[in-house]
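I'll go from strand to strand, then step back for the overall picture.

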Amino acid sequence: MRGLSDKDVENLMASYLKELDKLKNEVHMNINTRIEQIENKLPGCIQHVGMVNYNAFNNVSNDMSFSIAALDERKNGFVISGIYSRDFSYVYAKEVRKGKPQRELSIEEVEAMNKAFDKYDSLK
């Protein structure tokens, strides 16, 4: 059996280094592209959430009703409310565009929006 000569080992090591460098560049380019794609999508993702639990009716306790505001970076999103009583429950959704609700909000829905806005302002 013959071993590798010094020249063969040197060539082998050089080819490994080239291959590693090529792989490193491919991975680096792919990561930068993926990060850029994610950053472009982030403004449209829900990032700010405010939630309020409350009693909608006097005969129901334990804060079973709720309002949740969910907003993206542009302050677009929705407020969803669940009203619970012993006999029924309802769920309502109201759209928010640029921080402005498209329908009148209840006191609890306004409170949920304010909580979401507080989180929005604290991250600026």
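**Strands 3 and 4**

I started with a turn: strand 3 connects to strand 4 by a hairpin of 4 residues. My strands (E, at least two residues) and helices (H or I, at least four) are DSSP runs, numbered from the N terminus. This is a predicted model, and I ask for pLDDT of at least 70 for local features and 80 or more for side-chain atom pairs, while totals for chains, interfaces and linings use all residues. I number residues from 1 along each chain as its sequence is written, and my side-chain values use heavy atoms, leaving out hydrogens and water.

Next I looked up how the two strands pair, where pairing takes at least two DSSP bridges between them. Strand 3 covers residues 77–84 and strand 4 covers residues 89–97; they run antiparallel, joined by 8 bridges. Ile80 has Ala93 of strand 4 opposite it.

**On to strand 5**

I followed strand 4 into the next turn. Arg97 has Lys100 in strand 5 as its bridge partner. This is a hairpin too, with 2 residues between the strands.

Lys98 sits in the loop between strand 4 and strand 5, and its phi is positive, about 50°, although Lys98 is not a glycine. Is Lys98 buried or exposed? Lys98 counts as exposed, at 69% relative accessibility. My cut-offs are under 20% relative accessible area for buried, over 50% for exposed and partly exposed in between, with a 1.4 Å probe and protein chains only.

Strand 2, residues 65–71, is joined to strand 3 by 6 bridges, and the two run antiparallel. Here Ala70 has Phe78 in strand 3 as its bridge partner. The loop between strand 2 and strand 3 holds Lys75. Lys75 is another non-glycine with a positive phi, about 65°. Lys75 is partly exposed, at 22% relative accessible area.

Opposite Gly50 I found Ala69 of strand 2. Strand 1 also has two faces: His48, Gly50, Val52 and Tyr54 are on the covered one, whereas Val49, Met51 and Asn53 are on the uncovered one.

**The sheet put together**

In general, the strands of a sheet pair through backbone hydrogen bonds, parallel or antiparallel. What order do the strands of this open sheet take? The 5 strands come in the order 1-2-3-4-5, with antiparallel pairing. Strand 1 (48–54) and strand 5 are the edge strands, each pairing on one side only.

**Two residues I checked**

Val79 was my pick from strand 3. Val79 is buried, at a relative accessible area of 0%. Which residues does Val79 touch, leaving out those up to four places away in sequence? I listed Ile68, Ala69, Tyr92, Ala93, Lys94, Val96, Leu105, Glu109 and Met113; a contact here means heavy atoms within 4.5 Å. With Glu109 the C-alpha separation is 6.8 Å, although Val79 and Glu109 are 30 residues apart along the chain.

For contrast I took Ile107, in helix 2 (residues 107–122). Ile107 counts as exposed, at 70% relative accessibility. Between Ile107 and Ser67 the C-alpha atoms are 9.8 Å apart, with 40 residues separating the two along the chain.

**Stepping back**

Last, I looked at the whole chain. I counted 2 helices and 5 strands, and along the sequence they read α-β-β-β-β-β-α. The protein is more spread out than a compact globule, because its radius of gyration is 28 Å, well over the 14 Å that the globule rule gives for 124 residues. That radius is taken over C-alpha atoms, and the rule is 2.2 Å times the number of residues to the power 0.38. The C-alpha trace spans about 90 × 35 × 20 Å along its principal axes.

I noted that 22% of the 124 residues count as buried. Of the contacts with a separation of 6 or more, 43% are between residues 24 or more positions apart.
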